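Hello,

I am passing on the structure we discussed. Please look it over before reading the notes under it.

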Amino acid sequence: MGYKNPIQDITTEWFNLLDGVISVPIYKETVLPNENGNYVVIRAEGQTTTKNHSGFFTNAVIIVEVVTKFNQAVDTSVCDDIDNEITELVFPTPNTFGIGNTTNHQITDINLQSASYLSEDDGTKKYYTKISRYEHSINQN
């Protein structure tokens, strides 16, 4: 069997894990233009693949962006509370994760590589965003 790119399947698994479960809307890749509340965006950042005589091995990075909006002062705990909802689903215990295997790929590990915070003000609303990078170690079945 030839190589199958796992990135869209992994992004879909993230969406399916969170959609309708956490307290805010989830979007995959793009946000609706009329969204005016808090939300989460899931998108692929990149991947690297190696191979040997026994299989294909991919490290894929998925970005999870928690966006919160405020009229006045920013309350950073709102963003962190949403992020905690996500991490509890992704890492239910220290030795398991909530993202399942796909038809063609087995996820052997997920690591939170880094998280960054960003504050913005468009003159009307204030935005506070947390951008988390999750690296996935994947074997093709």
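Predicted model: local features only at pLDDT ≥ 70, side-chain atom pairs only at ≥ 80, totals over all residues.

The largest nonpolar core has 25 residues. Trp14, Leu18, Ile22, Val40 and Ile86 have the most contacts inside it. At least two residues of this core come from each of α1, β2, β3, α2, β4 and β5. As for Ile22, its contacts beyond four places in sequence are Val40, Ile82, Glu85, Ile86 and Leu89.

Helix α2 runs over residues 76-90, 15 residues in total. From first C-alpha to last it reaches 21 Å, close to the 21 Å expected at 1.5 Å a residue. Its buried residues are Cys79, Ile82, Asp83, Ile86, Thr87 and Val90. They lie on the same side of α2, because the arc they cover around the axis is only 140°. What do the buried residues of α2 pack against? Their partners are α1 (7-18), β2 (39-52), β3, β4 (105-121) and β5 (126-140).

Strand β3 (residues 55-70) contains Thr58. Thr58 counts as buried because its relative accessibility is 2%, and the cut-off for buried is under 20%. The side chain of Thr58 makes a polar contact of 3.0 Å with that of Thr49. Leaving out residues up to four places away in sequence, Thr58 touches Tyr3, Pro6, Gln47, Thr48, Thr49, His136, Ser137 and Ile138.

Regards

How values were computed. Residues numbered from 1 in each chain as written. Heavy atoms only, no water. Helix = DSSP H or I, 4+ residues; strand = E, 2+ residues; numbered from the N terminus. Buried < 20%, exposed > 50% of the residue type's maximum accessible area, 1.4 Å probe, protein only. Polar contact = N/O pair within 3.5 Å; in protein donor to acceptor, adjacent residues only side chain to side chain. Contact = heavy atoms within 4.5 Å. Expected span 1.5 Å × (residues − 1). Arc of directions from axis to C-beta. Core = buried A, V, L, I, M, F, W, Y, C linked by side-chain atoms within 4.5 Å.
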